[in-house]
Amino acid sequence: MEDKNQKVDETMKEMEQDVLDSEGLEKPDMDLEESDILEAAQETSEEEKMPEEETEEPQQKKRNKKRSLRELEIALKKSEEQAAEMTDKYQRLMAEFENARKRTAKETSRMYDVGAKEILEKLLPVVDNFERGLMTLSDEEKELPFVQGIDKIYKQFLTVLSDCHVEAMNAEGKEFNPEFHNAVMHVEDEELGENVVAEELQKGYMYKEMVLRHSMVKVAN
């Protein structure tokens, strides 16, 4: 029985081969090695994994980009804070420098005024002597060339003092003020109001806003 079946199989194979030969075809090899099958399966698995890897790569880039943006934002914020701190320090230093400059300029001006005041004060007796000398002259003597020359020198001297911010107080007729006037006499005069300067015995002078010399006055009532 087995011999009969074997013969049948051989006959079928021969017929199959004849058909393939007539068609010019080769019989496929059905006996693939196990290693070839595993290699084909592995290639298929790798092809299936490739889209996943390609998908993961852009996501990783996005994560890296977001992380870089956060780091840049943090760095920018720190830079802005540092810039604000430096600006505040700069403004404080400039304010301190400006205050120091003003104090120095004020102190320098004050020292200059003190020195100028001392010198100008010593020139006032010269003005007094000019005025006393010119007051003693008669009208005929005032017409003399020499006297006219002295008068011009006196007026020039007053102009120089005015250029140096020295001005006479002219206290006569004004209300007595102890900050500017020095009362040495007191008189009763109904024509004048109470506590009014009746006469200026010696001129007082101001240097800018400072008293260079108090007026020596006679106060009424």
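A residue is called buried here when its relative accessible area is under 20%, exposed when it is over 50%, and partly exposed in between, using a 1.4 Å probe and protein chains only. The structure is a predicted model, in which local features need pLDDT of at least 70 and side-chain atom pairs count only at pLDDT 80 or more, while totals for chains, interfaces and linings use all residues. Residues are numbered from 1 along each chain as its sequence is written, and side-chain values use heavy atoms, with hydrogens and water left out.

Let's start with the sheets. Helices (H or I, at least four residues) and strands (E, at least two) are DSSP runs, numbered from the N terminus, and two strands pair if DSSP finds at least two bridges between them.

Six bridges join β2 to β6 (residues 215-220) in the parallel sense; A183 is paired with V217 in β6, and M185 stands opposite K218. On the other pairing, β3 and β6 are antiparallel over five bridges, with Q202 standing opposite M216. Five of the six residues of β6 are buried, so this strand is mostly covered.

Strand β2 (residues 181-187) also holds H181, which is buried at 8% relative accessibility. Which residues does H181 touch, leaving aside its neighbours within four places in sequence? Counting contact as heavy atoms within 4.5 Å, its partners are A171, E175, F176, V197, H214, S215 and V217.

Now for the charged pairs. Side chains of opposite charge can pair when their charged atoms come close. A salt bridge is a side-chain nitrogen of Lys or Arg within 4 Å of a carboxyl oxygen of Asp or Glu, and the structure holds nine of them. In one of these, R213 meets D128, with the closest N and O atoms 2.8 Å apart. R213 lies in strand β5 and D128 in helix α2, so this pair ties together parts that are 85 residues apart in sequence.

K203 and E131 form another salt bridge, their closest N and O atoms being 3.3 Å apart. This pair also links distant parts of the chain, with K203 in the loop between β3 and β4 and E131 in helix α2, 72 residues apart. K203 is partly exposed at 28%, whereas E131 is buried at 14%.

Finally, K89 and E85 make a salt bridge with a closest N to O distance of 3.6 Å. Both lie in helix α2, four residues apart, about one turn of the helix.
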